[in-house]
Amino acid sequence: MAERGAFSSFHSFLIVLLFLNSVLAVTHGHQDKQVYIVYMGSLPSRADYTPMSHHMNILQEVARESSIEGRLVRSYKRSFNGFVARLTESERERVADMEGVVSVFPNKKLKLQTSASWDFMGLKEGKGTKRNPLVESDTIIGVFDGGIWPESESFSDKGFGPPPKKWKGICAGGKNFTCNNKLIGARHYSPGDARDSTGHGTHTASIAAGNAVANTSFFGIGNGTVRGAVPASRIAAYRVCAGECRDDAILSAFDDAIADGVDIITISIGDINVYPFEKDPIAIGAFHAMSKGILTVNAAGNTGPDTASITSLAPWMLTVAASTANREFVSKVVLGDGKTLVGKSVNGFDLKGKKFPLVYGKSAALSLSQAKCAEDCTPECLDASLVKGKILVCNRFLPYVAYTKRAVAAIFKDGSDWAQINGLPVSGLQNDDFESVLSYFKSEKSPEAAVLKSESIFYQTAPKILSFSSRGPNIIVADILKPDITAPGLEILAANSLKASPFYDTAYVKYSVESGTSMSCPHVAGVAAYVKTFHPKWSPSMIKSAIMTTAWSMNASQSGYASTEFAYGAGHVDPIAATNPGLVYEITKTDYFAFLCGMNYNKTTVKLISGEAVTCSEKISPRNLNYPSMSAKLSGSNISFIVTFNRTVTNVGTPNSTYKSKVVLNHGSKLNVKVSPSVLSMKSMNEKQSFTVTVSGSELHSELPSSANLIWSDGTHNVRSPIVVYTGDFSQPSSS
């Protein structure tokens with residue numbers, strides 16, 4: 001992901017969320033000033049209310065100084081109320097004790113989560129895919145990331161009319177930054193401009209909504225047409241990451257984007273720690289976006305395959321894992337004896353098949369005592385004079401070491417399932433092939449090899465979850481399955497910033513290759529926008545349900561939790577099917593209030609998340625939230641159990657349709673699943689009908705969830721929901 005890594009006019013209630021910034025500290029008396037986010041919920045409806053003046057008055061009161069110059073960092077004043085300020089600890093405490101102030105918690109740095117993929121998913125180019133061009137042109141995707149490269153052909157406005165009338169945003173990209181009728185808005189929240197310097201934001205924006213650009217490649221690799229899911233839609237870029245992705249910038253982006261009028265938000269940002277919803281700026285921002293009809297799509301994270309590593313856990317967000325497609329890039333190694341080995345690399349260097357001498361790291365050690373560390377190509381253990389002009393062979397994947405030691409190419413042992421770009425010809429070999437290289441060393445006096453330029457390999461196998469993709473279960477709400485969905489995140493070719501070199505020098509490219517949940521996230525955001533073009537009035541939960549219940553079914557590829565629904569959620573996104581789901585599971589803002597109250601959050605905590613006063617008169621057990629998937633964590637494995645799930649579906653297919661239920665068990669589980677009623681007869685559109693799923697069994701496997709699929713079918717639509725029952729002890733990572 002690159003990772004964390006978002007409000008509208010709210011109700012008139014003050015909430016203050018204070019986020020500690022450990023970097024920006026200055027001395028004040030005997031205390032340090034820290035940067036805090038003061039989140040004050042909804043904007044008062046009074047016509048005479050001016051947020052900036054109110055914020056300054058608060059600062060003046062708590063600081064007790066004649067001058068508060070430099071204290072106010074920024075104000076939130078468009079979609080919610082609040083500000084960012086430098087405060088001492090005692091001042092923070094005084095703010096927290098003010099009338100209406102509810103919470104204090106620290107500011108954090110988040111991380112970014114980082115073509116053929118659309119064809120793979122069935123969203124064909126041109127007339128091969130049904131589209132609603134007028135509505136697509138009125139659809140706006142807000143991209144929260146590291147900025148954008150506005151001059152990219154992927155964001156050209158050739159053929160575009162003026163921005164949609166609903167657009168209320170501006171182009172505040174900075175000096176020499178120009179928007180157009182495709183890239184209709186830009187903002188940045190740190191000194192500088194909205195221009196992308198890493199390539200990450202440009203890449204994600206073009207995946208979601210970039211123009212179709214023919215004959216693109218990375219130095220001839222992956223040649224073809226690069227495009228987004230909805231090429232006719234508009235893009236608004238919000239640069240929330242400038243070296244770091246800070247909570248205050250993310251909240252500012254949500255504040256602006258909701259008021260600006262975006263339809264979908266894609267945010268390939270997250271944290272490596274889990275924070276309660278009331279202390280998670282993405283969860284808070286996404287809740288307010290949801291309340292205004294905007295779906296937030298968030299990357300699951302790149303900290304897999306550890307269980308419970310996922311940090312995007314709120315049910316009102318659509319959380320995306322990363323999986324393979326039908327293409328990968330390989331770089332072959334041809335040994336001097338003619339044997340060819342296939343390794344992983346995005347290698348754009350063409351050495352014309354020329355063979356060079358091989359040198360094993362161990363043989364290039366500076367001294368005999370350093371032979372062991374030289375095997376791993378530890379830089380201080382290698383003699384550069386023995387490496388220069390040769391192909392360096394290493395036990396570890398350290399391409400930069402080969403580059404700095406002046407090797408002509410490198411061969412590494414690499415067990416990863418994804419390739420990356422390096423500053424010299426590289427091939428990463430699996431263990432068996434790497435051992436073949438070492439055996440060749442022993443049999444030859446003058447070993448040599450050629451590292452070939454990468455090529456595209458297409459294959460027809462079911463998609464698999466990538467090792468880095470963060471896994472569930474959900475350690476905040478155990479009965480909400482996360483991630484929700486998966487999409488291609490492997491070696492995606494998309495637009496790049498001309499400030500971002502993929503190598504170790506100043507060579508720049510217009511299109512580059514990246515892998516991560518940062519890439520899978522905008523795929524699903526693009527699909528959400530595509531669905532919305534056919535159903536402009538659908539709520540975020542309806543779009544989310546359509547995407548989840550029409551997904552391709554996936555199966556566990558290995559044993560253990562990390563290879564099950566905790567890896568891929570409902571399955572792999574299917575863009576075309578998602579436009580016609582038949583039935584949807586709809587969740588309203590009121591339902592989410594009842595869900596939060598059902599988590600035993602008190603009224604104060606619910607206000608922290610929603611910005612609204614809630615009585616908690618209604619409570620819903622988390623497993624009975626009307627979610628498109630069903631999940632239940634049990635207290636032990638050696639017990640008999642009965643679990644019930646209550647759900648309601650809304651007919652969005654055809655009137656006078658009859659849906660029959662079918663249950664398919666997964667992973668060899670022995671669950672007993674009953675659905676009542678087992679048949680739903682829908683007479684009209686938008687009709688709602690409820691049902692109960694009862695799951696019983698005994699002796700759950702402690703290392704593998706028991707699961708099944710519930711499928712409602714009318715002969716045309718197959719509305720599938722995963723059912724997962726599990727046990728296990730998953731402790732929450734420290735949030736300190």
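How many of the 14 residues of helix α6 are buried? In this predicted model, 13 of the 14 are buried, and the helix is accordingly described as mostly covered. Helix α6 comprises residues 247-260.

The protein chain is divided into four parts: domain 1 (34-106), domain 2 (131-325 + 465-550), domain 3 (327-458) and domain 4 (583-587 + 625-726). Between the C-alpha centres of domain 1 and domain 3 there is a separation of 56 Å.

Aromatic contacts were examined next. The structure contains 17 aromatic pairs. In one of them, the ring centres of F144 and Y238 are 5.3 Å apart and the planes meet at 65°; because an angle over 60 degrees counts as edge-to-face, the pair is assigned to that class. F144 belongs to strand β6 (residues 140-145) and Y238 to strand β10 (residues 234-239), so this contact ties together parts of the chain that are 94 residues apart in sequence. Both partners are shielded: F144 is buried, with a relative accessible area of 0%, and Y238 is buried as well, with a value of 1%. Elsewhere, ring pairs join F277, F287, W316, Y592 and F593 into a cluster. A contact of another kind involves W149, over whose ring the charged end of R195 is placed, 4.6 Å from the ring centre.

Strand β32 (residues 672-676) presents two contrasting faces. V673 and V675 form the covered face, whereas N672, K674 and S676 form the uncovered one. In a regular strand, side chains alternate between the two faces of the sheet. Strand β32 pairs with strand β34 (residues 688-698) in the antiparallel sense, over five bridges. Within this pairing, S696 of β34 is the bridge partner of N672. S676, a member of the uncovered face of β32, is joined to P677 by a cis peptide bond with omega of about -5°. P677 is located in the loop between β32 and β33 (679-682).

Further backbone features were found in other loops. Most residues other than glycine have a negative phi, and most peptide bonds are trans. A cis peptide bond also joins K482 and P483, with omega of about 0°; P483 is placed in the loop between β24 (455-458) and β25 (485-488). A positive phi of about 50° is adopted by F219, although this residue is not a glycine. F219 occupies the loop between β8 (213-218) and β9 (221-226), where its relative accessible area of 39% makes it partly exposed. N600, likewise not a glycine, has a positive phi of about 70°. The position of N600 is in the loop between α16 (589-598) and α17 (603-610), and at 63% relative accessibility this residue counts as exposed.

Note on methods: Residues are numbered from 1 along each chain as its sequence is written. This is a predicted model: local features need pLDDT of at least 70, side-chain atom pairs count only at pLDDT 80 or more; totals for chains, interfaces and linings use all residues. Side-chain values use heavy atoms; hydrogens and water are left out. Buried means under 20% relative accessible area, exposed over 50%, partly exposed in between (1.4 Å probe, protein chains only). Helices (H or I, at least four residues) and strands (E, at least two) are DSSP runs, numbered from the N terminus. Two strands pair if DSSP finds at least two bridges between them. Domain bounds come from an automatic or database domain assignment. Rings of Phe, Tyr and Trp (its six-membered ring) pair if their centres lie within 6.5 Å; planes under 30 degrees apart count as stacked, over 60 as edge-to-face and the rest as tilted. A charge sits over a ring if NZ of Lys or CZ of Arg is within 6 Å of the ring centre and within 35 degrees of the ring normal. The expected span of a helix is 1.5 Å times one less than its number of residues.
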